[in-house]
Amino acid sequence: MKKIIERTSNYLCLAQNSAMPVRKEGYQFFNDLARGTIEELKKYFDCQPDSLKEHAFEYREQQIKTFITLALGKITKNNFLQEFPMERVKKRTKKWEYLGNGFVDYWAATKEVTCFIEVKNEWTRYYPEKKEFTFYKVAAGLLSDAKEQTDQIKDKGAFYNTKHAYSLGLLITPIFAFGEKAEIIRMDATLKEELIRGAKDLGADILAFWRIGNKRLHEYELENGGEVEYFPGVVFWGRMKKVSRKR
């Protein structure tokens, strides 16, 4: 994962070499989606009283969809649908097995790109002393499930009229960390290597990381004796697949 799409003081987006068939339009859509979701999270966080500040980053799947939905509305100029009905099929050797009706979390289209998106949510633990993450095995399964669900959409070509179309399995992992220092996570080479390791373990081919930063870093006192926990960042892990023909 050597290609850096974008990097700022608190944000970076990386694409893996093995994902090169997923062209730059797909990379850019993922990057725009991650950045847009982060911006909506910031707005929500800044509107909350101090007693609720941690809740912006202690979300679950349905809660994070609130911010994804707002981001997609701006990216696509409201050319998207949530819980879009689809027929699902699965290939068995040379035949297709009909799996019945279902829904894709999002169908979204810009001028250049159509994207079918399945979203999952899990947690990631960070250890400031070791500068290491723990990536749970269940997260890899969730990311794989998200990709499989988009692969099962029948006749994807009937649902796009743009030049490029992609399916995106998206796993979003809030980061939790114990510690007393405000700067728990630093945007350095060690962090990048840890994220690359995580992408390999989880099976992601593209990722975006947001370090929340001291301004919004809010401590949360646990009930088991006053220990302090932080929410210093969030990672967007993606598995992208180009589903449109070359044209």
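## Briefing: a predicted chain of helices and strands

N78 is found in the loop between α2 and β3. The model is predicted: local features need pLDDT of at least 70, side-chain atom pairs count only at pLDDT 80 or more, and totals for chains, interfaces and linings use all residues. Residues are numbered from 1 along each chain as its sequence is written, and side-chain values use heavy atoms, with hydrogens and water left out.

**The chain overall**

- The chain has four helices and 11 strands. Both are DSSP runs numbered from the N terminus: helices are H or I with at least four residues, strands are E with at least two.
- Of the 247 residues in the chain, 51% are buried. Buried means under 20% relative accessible area, exposed means over 50%, and partly exposed lies in between (1.4 Å probe, protein chains only).
- Among contacts in the chain with a separation of 6 or more, 73% join residues 24 or more positions apart. Contact means heavy atoms within 4.5 Å.

- N78 has a positive phi of about 65°, although it is not a glycine.
- N78 is exposed, because its relative accessible area is 60%.
- K77 is also placed in the loop between α2 and β3 (80–92).
- Phi of K77 is near 55°, a positive value in a residue other than glycine.
- K77 has a relative accessible area of 71%, so K77 is exposed.

**Helices α1 and α2**

- Two packed helices are described by the angle between their axes and the distance between the axes.
- Helix α1 (residues 24–47) packs against helix α2 (residues 61–76) at an angle of about 120°, and their axes are 8 Å apart. Axes are lines fitted to C-alpha atoms, for helices over the stretch in contact, and angles run from 0 to 180 degrees between N-to-C directions.
- That angle makes α1 oblique to α2. Angles under 35 degrees count as roughly parallel, over 145 as roughly antiparallel, 65 to 115 as roughly perpendicular, and the rest as oblique.
- α1 and α2 make a right-handed crossing. Right-handed means that the near helix is turned clockwise from the far one by less than a right angle; anticlockwise is left-handed.
- On the α1 side, the contact includes F29, L33, G36 and Y44. On the α2 side, the residues include I64, F67, L72 and I75.

**Helix α3**

- Helix α3 (residues 137–151) has 15 residues. From first C-alpha to last, α3 reaches 22 Å, close to the 21 Å expected at 1.5 Å a residue. The expected span is 1.5 Å times one less than the number of residues.
- A139, L142, L143, A146, K147 and T150 are the buried residues of α3.
- These residues lie on the same side of α3, because they cover an arc of only 135° around the axis. The arc is that of the directions from the helix axis to the C-beta atoms.

**Strand β5**

- E118 is found in strand β5 (residues 113–121).
- E118 counts as buried because its relative accessibility is 2%.
- Leaving aside neighbours within four places in sequence, E118 has contacts that include R88, F103, A146 and T150.
- T114 has its place in strand β5.
- T114 has a relative accessible area of 0%, so T114 is buried.
- With neighbours within four places in sequence left aside, the contacts of T114 include W107, F159, H164 and Y166.

**The loop between β10 and β11**

- E227 lies in the loop between β10 (219–221) and β11 (228–242).
- E227 is partly exposed, because its relative accessible area is 40%.
- E227 and F178 are 49 residues apart in sequence, and 7.8 Å apart in space, C-alpha to C-alpha.
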